[in-house]
Amino acid sequence: MPRPLIARKSTALSGALRVPGDKSISHRALIFGALSIGETHISGLLESADVLATAHALQQMGVQMTREDGNWRVVGVGCGGLAPPEGPLDFGNAGTGVRLMMGVIAGHDFAAELIGDESLQRRPMGRVLDPLKQMGAEVHGGDRLPLTLVGSGDLAPITYRLPVASAQVKSAILLAGLMTPGETTVIEPEATRDHTETMMRHFGAEVRIEQVTAERSITVTGEAVLHGRDVEVPGDPSSAAFPTAAALICPGSDVTIENVLVNPTRTGLYDTLAEMGADLRFENERRSGGEKVADLRVRAGKLKAVRVPPERAPRMIDEYPVLAVVAATAEGETRMEGLAELRVKESDRLAATIAGLTACGVTAWAEGDTLVVRGAERIPGGGTVETHMDHRIAMAFAVLGLVAEQPVRIDDTAMIDTSFPGFAERMRAIGADFDDSGGSE
Ligand SMILES: O=C(O)C1=C[C@@H](OP(=O)(O)O)[C@@H](O)[C@H](O)C1
Ligand SMILES: C=C(OP(=O)(O)O)C(=O)O
């Protein structure tokens, strides 16, 4: 059932809030816990549909998990110790879940049928399957879901240069590398989020990282023996992006988002907002569970357009729709370059962002892989935004509705639960006028 939402012009937002745990770290914490010997305890796990799909898939392969007082306990089976699943593994809407688990399954001597929702069935899987096939896995079906992946207990190590900057592809290969004798190396042209490497070390794997100019090479030594650890999952900077954007554009706002991950491979949006003139501070910077975290203090103010260079894309890949919304209120034309990857996310985010902005009376267009947004003092609003099963499109345009002259209707917000359960409630608590009671007005 679609769940529409109406966002209306709001007065100044204020107060403090927390966002749920980081999605990337949550998937990985469950996976590394499962591949370890002994118990892993996870606090702050993101309990969203995407992460729960990964948890369920691991349970279907014999991993025991329990939840007590909001903390998760994972009883690991060791690298290579998963059991063949009886039925298909359903990853729902989750690209990260299915792609990382392909790397895990590739290193096991059994077949698994992988399925997902309509959005996931449209997304390219060849980018992960090709290197896994080079290592010795087999695939029945094409390079889209549904497909059957046949793993092997006898993978061969590879050195693989990523053709696209993708943390999911890097991670899948390194995960398979854990179960492969010898050294498996991934070379990435630009640094992508580094949680897999960080967590592999945390769980006891031997990992070597070499950085030559922008290029990074990561080598893992198999066959690894991992040991259960404690993981604290900090708030997700990709979720914090929405209250941040809302506070920047609603005049008079002053909002603090507590305990947000500020790992430099994830903070491209915040650097960009600072360049636009945003009053944005990282307060109380500290380390938590091996990652850098901070409280983000955000105050509204005038913003100016900027050019966002293509090499920044891996550090803010999921934040472009909400940056486009902020850019719609800035002075001048914001150019965001190198966005080819946006076309293969939960929706074609380049097209969906332009269509949503256009429906709200904002001028925006694509020039090849560049997105251009013309800022304006007045956002007419009044339109309906089509989300195409994409949580980030839904949340970005709910934010735009907070400054539009006429209410903005989001056709379906059900998918928000894949990454940010409680989004509307938490935004309402700081003053956002969101109505998701059925869109009866
Ligand atoms: O590794 C991860 O946790 C993720 C990597 C990114 O995808 P790509 O690897 O496809 O760029 C990002 O868009 C996704 O939300 C999470
Ligand atoms: C692209 C995203 O996630 P995934 O690839 O895991 O579906 C996202 O969360 O914006």
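Predicted model: local features only at pLDDT ≥ 70, side-chain atom pairs only at ≥ 80, totals over all residues.

Mentor: Residues are numbered from 1 along each chain as its sequence is written, while chains are lettered from A and ligands numbered from 1 in the order in which they are written.

Trainee: How far apart are the C-alpha centres of domain 1 and domain 2?

Mentor: The domain assignment gives domain 1 (5-21 + 235-435) and domain 2 (23-232), and such bounds come from an automatic or database domain assignment. Between the two, 21 residues of domain 1 are in contact with 28 residues of domain 2, contact being C-beta atoms, placed from the backbone, within 7 Å. The C-alpha centres of the two domains are separated by 29 Å.

Trainee: Which annotation covers residues 8-427?

Mentor: Over residues 8-427 the chain is 30% helix and 29% strand, with the end C-alpha atoms 12 Å apart. Helices (H or I, at least four residues) and strands (E, at least two) are DSSP runs, numbered from the N terminus. UniProt positions are in the numbering used here, feature names are shortened, and annotations may be inferred rather than shown by experiment. In the unreviewed UniProt entry, the annotation over residues 8-427 is "domain: Enolpyruvate transferase".

Trainee: Which helix gives the largest share of the shell around ligand 1?

Mentor: The shell consists of S24, T96, S166, A167, Q168, S171, R193, I317, D318 and E341, where a residue is near a molecule if its C-beta atom, placed from the backbone, lies within 6 Å of it. Domain 1 and domain 2 each supply at least three residues of this shell. The largest share, three residues, comes from helix α6 (residues 167-178).

Trainee: Is K23 buried or exposed?

Mentor: K23 is one of the "binding site" positions in the unreviewed UniProt entry, along with S24, R28, S166, Q168, D318 and K345. K23 is found in helix α1 (residues 23-34), and its contacts beyond four places in sequence include D50, T96, D236 and S419. A residue is buried if 20 or more other C-beta atoms lie within 10 Å of its own, exposed if 12 or fewer, and partly exposed in between, with C-beta atoms placed from the backbone. K23 has 23 other C-beta atoms within 10 Å, so K23 is buried.

Trainee: How many other C-beta atoms lie within 10 Å of K345?

Mentor: K345 sits in the loop between β21 (333-336) and α11 (349-359). K345 is buried because the count of other C-beta atoms within 10 Å is 20.

Trainee: Why is helix α10 largely enclosed by the rest of the structure?

Mentor: Helix α10 spans residues 320-327. Its buried residues are Y320, P321, V322, L323, A324, V325, V326 and A327.

Trainee: Which residues touch the most other members of the largest nonpolar core?

Mentor: A nonpolar core is a set of buried Ala, Val, Leu, Ile, Met, Phe, Trp, Tyr and Cys residues joined through C-beta atoms within 7 Å. The largest one has 80 residues, and a second, separate core of 65 residues includes C79, A172, M179 and V231. In the largest core, the residues that touch the most other members are A246, V326, V399 and L400.

Trainee: Which elements do the buried residues of α5 pack against?

Mentor: In helix α5 (residues 126-135), V128, L129, P131, L132 and M135 are buried. After α5 comes G136, whose phi is positive, near 130 degrees. The buried residues of α5 pack against α3 (95-106), β9 (138-140), β11 (159-161) and α6.
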